[in-house]
Amino acid sequence: MADTLALRLRDEIVSGRLRPGERLATEQQISETYGVSRPTVREAIGRLKHDGLVVTRQGAGAFVADPGAVSVFRLDVADFTDKEEIRNIVELLMAIEASATEHAAARRSDKDLRNIQAQLDAMQAAIDRGEPGVEEDLAFHRSIIEATGNPFFRDLSDFLDRRVRTFIRTARANTARLEGLTQAVQAEHQAISDAIARQDASGARLAAETHLKNAAGRLALYLKP
């Protein structure tokens with residue numbers, strides 16, 4: 001609901017109905033207008049603030065930001081049934097994840113490798129319990145990002161996790177529905193981990209690209225009528 005509310009308020013700003021410097025309605029007013037709770041309103045305003053569209057002033061409320069004051073990157077994935085949108089997001093993820101995995105293989109420490117293996121084991125445990133393992137999947141890829149030693153990879157990965165979590169969740173849920181496919185996905189994760197362990201940078205990049213291409217294919221299976 002916070003996502004939906006944030007999109008509606010964003011439309012008000014982008015369309016010009018709310019102008020730079022103009023004060024937004026109060027939490028209570030927005031809550032009553034859209035039929036949502038005040039915590040939902042606060043979360044939506046927080047997202048707009050993160051995107052640089054609004055600024056808050058202590059005791060005064062939230063105001064539309066000057067469009068030239070802050071430069072931000074936004075990624076609004078609205079329709080995961082749109083093949084073109086899926087292709088675009090996969091291309092972006094592949095460019096980032098593959099590059100990060102390549103760097104992780106070249107730079108990883110023994111501690112990094114132990115963390116990656118621990119997350120891989122946690123994912124297997126979730127599979128054995130009959131669970132999709134979405135959070136474990138995210139933690140596995142996060143451990144690889146951490147192994148790059150590059151804080152900008154980490155920050156961008158956090159941003160993408162928040163925006164494309166539905167993509168990952170849907171692909172994992174579809175995998176769980178098809179017998180034998182879950183272990184095939186785990187084998188892809190194992191291939192990534194093995195390449196990082198060998199410090200095979202090019203092999204790690206290829207394994208990450210293969211995994212993302214296959215994830216897109218699994219999502220397409222889920223979306224078929």
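Visitor: Let's start with H6: how many of its residues are buried?
Guide: This is a predicted model, and in it ten of the 14 residues of H6 are buried, so that helix is mostly covered. The buried ones are Val134, Glu136, Asp137, Leu138, Phe140, His141, Ser143, Ile144, Ile145 and Ala147.

Visitor: And how far does H6 reach from its first C-alpha to its last?
Guide: H6 covers residues 134-147 and reaches 20 Å from its first C-alpha to its last, which is close to the 20 Å expected at 1.5 Å a residue. After the helix comes Gly149, and its phi is positive, near 75°.

Visitor: Let me zoom out, then. What does the secondary structure of the chain come to?
Guide: The chain has nine helices and two strands, and read from the N terminus the order is α-α-α-β-β-α-α-α-α-α-α. Of the 225 residues in the chain, 41% are buried.

Visitor: What share of the contacts comes from residues 24 or more positions apart?
Guide: If you take the contacts in the chain with a separation of 6 or more, residues 24 or more positions apart account for 70% of them.

Visitor: Which residues touch the most other members in the largest nonpolar core?
Guide: That core has 16 residues, and the ones touching the most other members are Leu5, Ile13, Leu24, Val41, Ile45, Leu48 and Val54. Helix H1 (2-14), helix H3 (38-50) and strand E2 (61-64) are the elements that give two or more residues to this core. Apart from it lies another core, of 13 residues, including Ala104, Ile144, Ile192 and Ala195.

Visitor: Okay, back to H1. Which of its residues are buried?
Guide: In H1 the buried residues are Ala2, Leu5, Ala6, Leu9, Arg10 and Ile13. They sit on the same side of H1, because they cover an arc of only 135° around the axis.

Visitor: What do those buried residues pack against?
Guide: They pack against helix H2 (27-34), H3, strand E1 (54-57) and E2.

Visitor: Now the strands. Where does Phe63 lie, and what does it touch?
Guide: Phe63 lies in strand E2 and, not counting residues up to four places away in sequence, touches Gly21, Glu22, Arg23, Leu24, Leu53, Val54, Val55 and Arg57. With a relative accessibility of 10%, Phe63 counts as buried.

Visitor: How many residues apart in sequence are Phe63 and Leu24?
Guide: Phe63 and Leu24 are 39 residues apart in sequence, while their C-alpha atoms are 5.6 Å apart in space.

Visitor: Last one: what follows H1?
Guide: H1 is followed by Gly16, and the phi of Gly16 is positive, near 95°.

Conventions: Residues are numbered from 1 along each chain as its sequence is written. This is a predicted model: local features need pLDDT of at least 70, side-chain atom pairs count only at pLDDT 80 or more; totals for chains, interfaces and linings use all residues. Side-chain values use heavy atoms; hydrogens and water are left out. Helices (H or I, at least four residues) and strands (E, at least two) are DSSP runs, numbered from the N terminus. Buried means under 20% relative accessible area, exposed over 50%, partly exposed in between (1.4 Å probe, protein chains only). Contact means heavy atoms within 4.5 Å. A nonpolar core is a set of buried Ala, Val, Leu, Ile, Met, Phe, Trp, Tyr and Cys residues joined through side-chain atoms within 4.5 Å. The arc is that of the directions from the helix axis to the C-beta atoms. The expected span of a helix is 1.5 Å times one less than its number of residues.
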